[in-house]
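Dear colleague,

Please find the structure below, handed over for your further work. My notes on it come after the display.

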Amino acid sequence: MKDQYINRKYLIGSIIIIAAAALLVRLFIIQVVEKTYRLSADNNVLRYVTQYPARGLIYDRNGKLLVYNQAAYDLMVVPAQVTRMDTAEFCRLLGITLPSFRERLRAAKTYSRRASSVFLKMIAAEDYARLQETLFKYPGFYVQPRTLRKYSRPIGAHLLGYVSEVDESLIRKDPYYKSGDYIGKLGIEEAYEKELRGKRGVKIFLMDVYSRVKGSYADGRLDTVAVQGQDIISTLDEDLQEYGELLMRNKTGSIVALEPQTGEVLALVSSPNYDPGLLVGRVRSENFSKLNSDTVFRPLFNRALQASYPPGSTFKPINGLIGLQEKVITPFTMFGCNRGYLFVSCHAHSSPLDLKGGIANSCNSYFCQTFRRILENPVYPSIGDAYMSWKRYLDQFGFGKKLGIELTNELPGLVPSTAYFDKYYGKNRWKALTVISMAIGQGELGTTPLQMANMLAAIANRGYYRVPHIVKSIGNSRPINEKYLKKNIIGIDSTNFESIIAGMEEAVNGTGTARVAALKDITVCGKTGTAQNPHGKDHSVFVAFAPKDHPRIAIAVYVENAGFGATYAAPVASLMIEKYLKGQITNKDMEDRILNLNLIGQ
Amino acid sequence: MTRNASIWARIDKLSVVIFLLMIVMGWLNIYAAVYNEEHTRILDMSQRYGKQFVWIIATLVIAVFAVVTDSRFYFFFAYFIYGGLLLLLVLVLFLGKDINGARSWFQIGSLNLQPTEFAKFGTSLALASYLNARRHDLRKLSVFLTATAIFMLPALLIIMQPDMGSAVVFFALFLVLLREGMSPFVFISGVLMVVLFFFTLIFNNLYLNGGLIILAFAAAWFVVRKWKPVLAGILILIVAILAMTLVNKLIFKSMSDERILFVSALLSGAAYSIYFYSRKALQLLVIYLFLIGSLVFVNSVDFTFNHILKPHQKERIEILLGMKSDLHGTGYNVNQSIISIGSGGFAGKGYLQGTQTKFKFVPAQSTDFIFCTVGEEWGFLGSLFVIALYVVLLLRLIMLAERQRSDFSRIYGYCVISILFIHFFVNIGMASGLLPVIGIPLPFFSYGGSALWGFTILLFIFLRLDASRTEYLV
């Protein structure tokens, strides 16, 4: 019998061929045309695990360790691998509450069920030891080692800065940083972040679908090793810094001590301060906001760099030097003083005085008349030109601008320009007498303690300074920035310094204002000052360097709301100088008096 | 024995070679899919490739038995075999082991057997046996319905397990009916229903209804090749639509646009019917009925989709159609599967080098998603080769079926072709994201004893029938 449907075999055959062709077209599209699947497959299986380098260490100038690392552990969790477990026991082990446990696990799940996320940050090493023994009971949890900063002594918080985790905005700004990275904030940690942080490494692992590590990718050929951060040798003298902080306890103010020849910062104290260990690890953010919200003592505020005071009498040596250089006075120029000059009063002292006596006795009249001669110098066509010439000297001393220490929060202080006075008083409407208060470091002037210490270094060096800096070397060999090695010459002849220095020597060791600062065997040259404070009691200021010949330390001390410079600032400076040069204190009575002094009434 | 020896001489060599090639390639890919460095011994019975090795040895024995059995046995015992397997399908619902929420497996010692896989050749034998006597009557409703019932009955039992995927396979036997004289309209209607089902979910119903009507008019013009009746029809429809719109504005006020269109099409049918009747334009009537049927179907799909399908089935379809993307839930398998295959590129990553495969990103990779391994490690060339093997085998089987003297053998042959074809097409289509996820194995490739044995029996019964095609069965 003939099969009437025999041709339908072609229909069936066609259906098969069409279906196969459809499959081939589809496969051709996803296998040959589309290239994205290859990438998806790579992302599926390769996990890039960051290898965190140890942060560089920080030493003091004598090789004593200031900042080092301690191990800490982040507890990580892969939610998909967490099984039923003894939650109560686990919470007890970690010292967290049950709601906190649930919240953390929920947060991790929200992030990803299969990828790992931080469950508990920065567990201390001793807690980790306890945890490690039982961690096998809790699948899905594992620890990732991290490092935390540790400080050998609770000092130098403002100088050293701290380390914190990078935030979103910074990650957007600097593509180097990734979530979970640490970054230096403030101080050396911030200034030398690039050197300290080292280089992150990466290990590439092959993972399966459950995010389980299956081995290293390409036998580790593409892995990069983490490079440890470079160590920093700071210029700080750990003992001096500690002693300075001790002296300034319960006082508001600051100390800046420099090595004159090099510009190296020996100590930089700002009081009140805080223990740098407070800003480490899990407690960091809590403590930070506590410190930050303390508006009375403002412990985060670095007075040595950020407080701008009128320099007061400590400024007189500068005007003397400029007067000499401009040849409007000589060391032998005598000025009389009748308890003041016009409306600027003065204290009782012998009269008339030469330049040396004027410095030693801090005579207001002497420097008002000197300043008047500087501004009314017939060499200059106008008072404005004379003023600008005077301002140029100040600029050479580093006033009115940032000196350029590594720390980012340095203030420039203020030396007004003629434009300022033109605006304030009207053009040609001001004279030497209008601005006469600047003769004695009052008025519109604003200088930071760092600038004052630098001025002393320049005087001690008889005419030059090197920009103050806090880092001696990076690693063992790499030299620091050129700008810290360069001599900044001041346009004042070195011979002009001698009478000024003689006056400062006289002030401490003779009949002057700062006899309290005198030391046996060490010739301290210093100058007292009182910075006017419109908000309360004046600030006690003292600047000095020692010894007179081949000076090794230049120092500026500010004690706020403490009255005359001789009262508190001079003893503090004296104790610091002796501590640094001799290593011990002879005048125990004075030390006790300062240590026990409480000016902030806590 | 001499007779058996002659059987071996007459068996189709090409089919056997392709069969052997497929099981070897299947095993190699299963080895790759479960491969890990800790277990490399081929006969490691704790690993799937070790077990599959044993299944393959067993399947060769089964193939030999299938061939040496007298072909008349299959003919005479077709219904018994069918009945026995139906019984197993019933029993498995009560005695089966619950795996992933389905009772599809008998556990006999350490061996798991899936009666579904054997029901395929049993049903094929029964269908061939039934149609052998009545094939020229397939246009009779009773014959058509009985034939359909023969393969719908096991499908229904399988749905009850529940295993929708395996049940779908039985629908492929409509291809056999098509070959044996079923009206192509029934077949086209079936295919059209499936296509429309997907279209309904993708496109706006109103546009789809409009499109169908335009298509119907186009078909009408194509059939009668005259403008007048077509334009008249369009005019009638437009009048009906305007009338309905007016009625809606005045009376119902809440009919949707597609409802108006649907009712208008129905109403204008009355006008058409006069024309159909007077001109005896049967073809136009058929087109009209198709149109109405499609409209009814389209408008009921939403209901079916939302109320009858199970959530996971709905989701699979939604993901396939791109209505929803869920890369971690249901879409995960498909997404990972496409990544695996796609990442293979033109030439593949090389044997045992597939990272997707090696690290188990694709679930069920040695069973339903075995094609991922092929695609990833052998690339487009490998895919092409596998597809070519199937196409050659299927076309070869068509050739063999057509040379049978007995209707029984030919019909059985088409059953084999249909079942292998749907497995091949749906499995690779699903792995490459062309079709929704229907969990059925790739014949001769996928891991699993039952499936391998089922397919082997299915194929080798036919090869035996072909080898003895010169003998008379009755």
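Predicted model: local features only at pLDDT ≥ 70, side-chain atom pairs only at ≥ 80, totals over all residues.

Sheet in chain A

Chain A holds an open sheet of 5 strands, paired antiparallel, in the order 12-11-20-19-18. Strand 12 (264-271) and strand 18 (525-531) of chain A each have a single partner strand and stand at the edges, so one side of each is left without a neighbour in the sheet. From one strand to the next, the twist averages 10°.

Within this sheet, strand 11 (residues 253-259) of chain A and strand 20 (residues 553-559) of chain A run antiparallel and are joined by 6 bridges. In this pairing, A:Ala257 stands opposite A:Ile555 of strand 20 of chain A. Helix 10 (residues 238-247) of chain A lies across strand 11 and strand 12 of chain A, and runs at about 25° to strand 12.

Contact between chains A and B

Chain A contributes 30 residues to the contact and chain B contributes 37 residues. On the side of chain A that touches chain B, the elements giving two or more residues are helix 1 (8-33), helix 2 (36-45) and strand 8 (201-207) of chain A. Helix 1 of chain A gives the most, with 17 residues. By residue class, this side of chain A divides into 19 nonpolar, 4 polar and 7 charged residues.

Helix pair in chain B

In chain B, the axes of helix 3 (residues 48-68) and helix 19 (residues 449-467) come within 9 Å and cross at roughly 25°. That angle makes helix 3 of chain B roughly parallel to helix 19 of chain B. The crossing of these two helices of chain B is right-handed. Residues of helix 3 of chain B that meet helix 19 of chain B include B:Trp55, B:Ile62 and B:Val67, and among those they meet in helix 19 are B:Leu452, B:Trp453 and B:Phe460. The residues of this contact divide into 12 nonpolar, 3 polar and 1 charged.

Sheet in chain B

Chain B also has an open sheet of 3 strands in the order 1-2-3, with antiparallel pairing. Strand 1 (97-99) and strand 3 (111-113) of chain B stand at the edges with a single partner strand each, so one side of each has no neighbour in the sheet. Direction ignored, neighbouring strands of this sheet are turned by 50° against each other on average. Strand 2 (residues 102-108) of chain B is joined to strand 3 of chain B by 3 bridges, and B:Gln107 stands opposite B:Asn112 in strand 3.

With kind regards

How values were computed: Residues numbered from 1 in each chain as written. Chains lettered and ligands numbered in written order. Pairing = 2+ DSSP bridges. Helix = DSSP H or I, 4+ residues; strand = E, 2+ residues; numbered from the N terminus. Axes fitted to C-alpha atoms, helices over the stretch in contact; angles between N-to-C directions. Contact = placed C-beta atoms within 7 Å. Nonpolar A, V, L, I, M, F, W, Y, C, P; charged D, E, K, R; others polar. Parallel < 35°, antiparallel > 145°, perpendicular 65-115°, else oblique. Left-handed = near helix turned anticlockwise from the far one by under 90°.
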